Amino acid sequence: MTIGIDKIGFATSQYVLKLQDLAEARGIDPEKLSKGLLLKELSIAPLTEDIVTLAASASDSILTEQERQEIDMVIVATESGIDQSKAAAVFVHGLLGIQPFARSFEIKEACYGATAALHYAKLHVENSPESKVLVIASDIAKYGMNTPGEPTQGAGAIAMLISKDPRILIFNEDNVAQTRDVMDFWRPNYSTTPYVNGLYSTQQYLDSLKTTWLEYQKRYQLTLDDFAAVCFHLPYPKLALKGLKKIMDKSLPQEQQDQLKENFEKSILYSQKVGNIYTGSLFLGLLSLLENSDNLKAGDKIALFSYGSGAVAEIFSASLVPGYEKQLSQTRLEELDQRQALSVEEYEHIFFAEAELDAEGNASFSGYEDQNFALAEIAEHQRKYIKVEKSS
């Protein structure tokens, strides 16, 4: 029995901030962002769009009514939790109309959580082969204005349907994980934005990649020669490029080195236009690779490097299934270009707005007509979500 990713969906917000505009407003050389980070645009989420609405939109775009009856587990991986007790997965389960006898829960470990969720989903399908698991990585990366992290914000969700006999990718039995107790990036409960030790975090990312890759090679006798592409966690694409250079085997034939570099360029296209989506960044890179590369074929192996600050890293691989391209979109880049561009002033107003609750914990919202799902109100401190009815 093979197990893997049967479908992949993606959702982001309807607003976009051009980093050229942000650079000018902040007095930064635009090339510091376009070349120094390899970023171009950021998705900006309003108050009515959060990890629940993004997760529901990404999932709704791929699920049939039959699959909603077959799914018996919903896992949301996030570091942008909206409640300390109730899992975002429970809200999503309800919004999607998934059958009631399903487990729904949340996983957190910085940007690594979705990788852990995939492993858990795989074990579940191994135990119950007729099961289908919905794994969603949904996050909104938020930093303070005029901080070093401001150009690496973003918003989005990746939904993956995990099943036996998948139609996109088969998981290989070759996971290697590493944990180290470090403080490179963290967000205490009392803070709305994270604390970041930027240089230290970069060092931890690259060293975790190097040491996990060496252990992976030792355990499975695999080298870069065995892979058509490598996907990386993408807090910003330039860091992943440093990672590729760190593990690049110069003894590989130049043609293969060129293919790995070309596929890396394809894997960052979406992130360059969306920004950092934390738990989903690795899988947004995977989706970008699959939908834009023209040199992949069935049977090719793709290596994936997951990293979550704090820190947990993991390397694993998956193999392409014949006909995988039929499950993918060919218009994603064009759709991203249809987002509404914001001025820097509009971005600051939208992105840093907070719900204003009255004494009873109530607030109502509007302006979400263009969303698929929305946070419509907070009633007595309870978040109320709706599926937005579109006028014909």
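Analyst: Helices are DSSP runs of H or I with at least four residues, strands are E runs with at least two, and both are numbered from the N terminus. Keep in mind that this is a predicted model. With those labels, Ala-311 sits in the loop that runs between strand E13 (301-308) and strand E14 (312-320).

User: OK, and what kind of peptide bond joins Gly-310 and Ala-311?

Analyst: The bond between Gly-310 and Ala-311 is cis, with omega at about 5°.

User: Nice. On to backbone angles: what is phi of Leu-38 near?

Analyst: Leu-38 has phi near 60°, which is positive although the residue is not glycine. Look for Leu-38 in the loop between helix H2 (30-34) and E3. Leu-38 counts as buried because its relative accessibility of 18% is under the 20% cut-off.

User: And Tyr-278, where is that found?

Analyst: Tyr-278 belongs to the loop between helix H10 (269-274) and helix H11 (281-292). Phi of Tyr-278 is near 50°, again a positive value in a residue other than glycine. With 4% relative accessibility, Tyr-278 is classed as buried.

User: Let's switch to sheets. In what order do the strands of the open three-stranded sheet run?

Analyst: The order is E3-E2-E15, and the pairing is mixed. Strand E3 (41-44) and strand E15 (340-341) are at the edges with a single partner strand each, so one side of each has no neighbour in the sheet.

User: In what sense do E2 and E15 pair?

Analyst: Strand E2 (residues 15-18) pairs with E15 in the parallel sense, over two bridges.

User: Which residues of H6 are buried?

Analyst: The buried set is Gly-113, Ala-114, Thr-115, Ala-117, Leu-118, Ala-121, Lys-122, His-124 and Val-125. As background, an α-helix has 3.6 residues a turn, so residues three or four places apart point the same way.

User: What about the surface? Which residues make the nonpolar patch?

Analyst: Met-183, Trp-186, Tyr-190 and Tyr-195 make a nonpolar surface patch of about 480 Å². Tyr-190 is in the loop between strand E10 (185-186) and strand E11 (195-196), and Tyr-190 is exposed at 71% relative accessible area.

User: Last one: where does Glu-380 lie?

Analyst: Glu-380 is in the loop between strand E17 (373-379) and strand E18 (382-387). Glu-380 counts as exposed, with 55% relative accessibility. Setting aside neighbours within four places in sequence, Glu-380 contacts Glu-360, Gly-361 and Asn-362.

User: And how far is it from Leu-206?

Analyst: The C-alpha atoms of Glu-380 and Leu-206 are 45 Å apart, with 174 residues separating the pair along the chain.

Note on methods. Residues numbered from 1 in each chain as written. Predicted model: local features only at pLDDT ≥ 70, side-chain atom pairs only at ≥ 80, totals over all residues. Heavy atoms only, no water. Buried < 20%, exposed > 50% of the residue type's maximum accessible area, 1.4 Å probe, protein only. Patch = residues over 30% accessible without salt bridge, like charges linked within 9 Å, V, L, I, M, F, W, Y side chains within 5 Å. Areas by Shrake-Rupley, 256 points an atom, 1.4 Å probe, with all protein chains shown as cover. Salt bridge = Lys/Arg side-chain N within 4 Å of Asp/Glu carboxyl O. Pairing = 2+ DSSP bridges. Contact = heavy atoms within 4.5 Å.
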